[in-house]
Amino acid sequence: MHSRAYMLLEKEWFKLQKEELPWGIQARPLNEDDMFTWEGTIKGPKDTMWEGGVFKLYLQFGEYYNGRPPRIFFHTIPFHPNVDSDTGQVCADFLDDLSCWKEFYSISYMLLSIQMLLPNPVLENTVNPSAARIFASSPSGFRQTVLDCVLASKRVEAGLKPHTADDVDLTRISPKEEELPERALDEKKKTIKLGKVSFDDYHAMWSGIATTKPVSDSSNPLSEVLKADSKLQATHFGLPQQELQEEIHKQLTEHNAIMYGKFDTGRSGQDLAELKSTKIQLLKQIYLPKQQGEGLVLFV
């Protein structure tokens with residue numbers, strides 16, 4: 001034989017299965033063999049900062065129900081002036097004050113009242129003074145904290161842990177790398193080999209290659225590096241040492257001839273002076289008679 005409270009709760013459950021509950025409200029016994037513990041769900045009211053939240057609650061009834069109200073606890077504890085931050089217990093007048101409790105209050109009515117309490121907190125005798133202080137002094141800060149609570153409630157509803165600073169961002173982990181065994185990851189690390197080059201060597205080589213130096217005896221940094229390693233020379237040019245030197249000399253000679261002209265340094269100083277005098281006499285024979293003739297025509 002069940003108690004009066006048990007039978008009232010059983011009747012309530014039978015009624016809830018037939019009627020349509022208000023928007024965003026769900027309730028049922030946690031175990032149909034035990035009518036004294038219920039689980040409920042409320043959604044954050046639309047057009048409020050709590051919109052999108054899905055909050056689970058537990059309702060604990062006693063043997064004196066419905067003469068006394070149940071105790072209601074949030075499983076996903078919101079940051080709210082009227083919710084105990086440690087236990088999640090809801091603080092509301094109809095739950096705390098017997099003079100405000102009515103025997104005809106249904107489970108759906110209690111959950112609906114708590115849903116409306118979320119965006120409309122009571123700031124007198126609050127059980128979470130920190131939330132009440134921030135709500136009054138920093139609305140933007142309170143709103144951000146509420147949005148974090150809404151996000152946490154969604155994660156819990158999806159079967160995940162509430163979002164914390166210690167959570168790993170799973171979106172940055174490649175599924176393929178996650179599935180690789182530890183040995184494969186070690187092998188992957190071993191295949192990556194990087195050679196070290198000092199800045200001085202790097203700067204000396206590439207500044208020499210990239211800079212034009214119109215000096216005949218200027219050294220080529222790349223050539224200096226190749227000279228120090230015969231194997232590297234063979235790989236780079238495919239030529240033995242002697243042929244390589246000849247090829248370098250040939251290319252430098254052609255380059256200087258193109259860039260700076262071809263000068264014959266085999267003549268003596270006297271030969272150069274005679275050559276210069278001969279060229280001057282030749283120029284006089286070509287240009288001076290013409291200029292004199294033009295002068296006679298002008299004065300006639």
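Me: Before we start, what does "buried" mean here?
Reply: Buried means under 20% relative accessible area, exposed means over 50%, and partly exposed is in between, using a 1.4 Å probe and protein chains only. Trp13, for example, is buried, with a relative accessible area of 13%.

Me: Great. What kind of model is this, and how are residues numbered?
Reply: This is a predicted model, where local features need pLDDT of at least 70, side-chain atom pairs count only at pLDDT 80 or more, and totals for chains, interfaces and linings use all residues. Residues are numbered from 1 along each chain as its sequence is written, and side-chain values use heavy atoms, with hydrogens and water left out.

Me: Which residues of the largest nonpolar core touch the most other members?
Reply: Those are Trp38, Ile42, Phe61, Phe74, Val90 and Ile107, out of 38 residues in that core. A nonpolar core is a set of buried Ala, Val, Leu, Ile, Met, Phe, Trp, Tyr and Cys residues joined through side-chain atoms within 4.5 Å. Among the elements that each supply at least two residues are helix H1 (4-16), strand S2 (34-43) and helix H5 (139-157). Helices (H or I, at least four residues) and strands (E, at least two) are DSSP runs, numbered from the N terminus.

Me: What does Phe61 touch?
Reply: Leaving out residues up to four places away in sequence, Phe61 touches Leu9, Met35, Phe36, Trp38, Pro70, Ile107 and Met110. Contact means heavy atoms within 4.5 Å.

Me: Switching topic: how many aromatic pairs are there?
Reply: A search of the whole structure finds 13. One of them is Trp13 with Trp38, edge-to-face, at 6.0 Å centre to centre and 90° between the planes. Rings of Phe, Tyr and Trp (its six-membered ring) pair if their centres lie within 6.5 Å; planes under 30 degrees apart count as stacked, over 60 as edge-to-face and the rest as tilted.

Me: Why does that pair tie together parts that are apart in sequence?
Reply: Trp13 lies in helix H1 and Trp38 in strand S2, so the pair ties together parts 25 residues apart in sequence. Trp38 is buried, with a relative accessible area of 0%.

Me: And which residues are in the ring cluster?
Reply: Ring pairs link Phe94, Trp101, Phe104, Tyr105 and Tyr109 into a cluster.

Me: Last one: which residues are on the covered face of S4?
Reply: Ile72 and Phe74 are on the covered face, while Arg71 and Phe73 are on the uncovered one.
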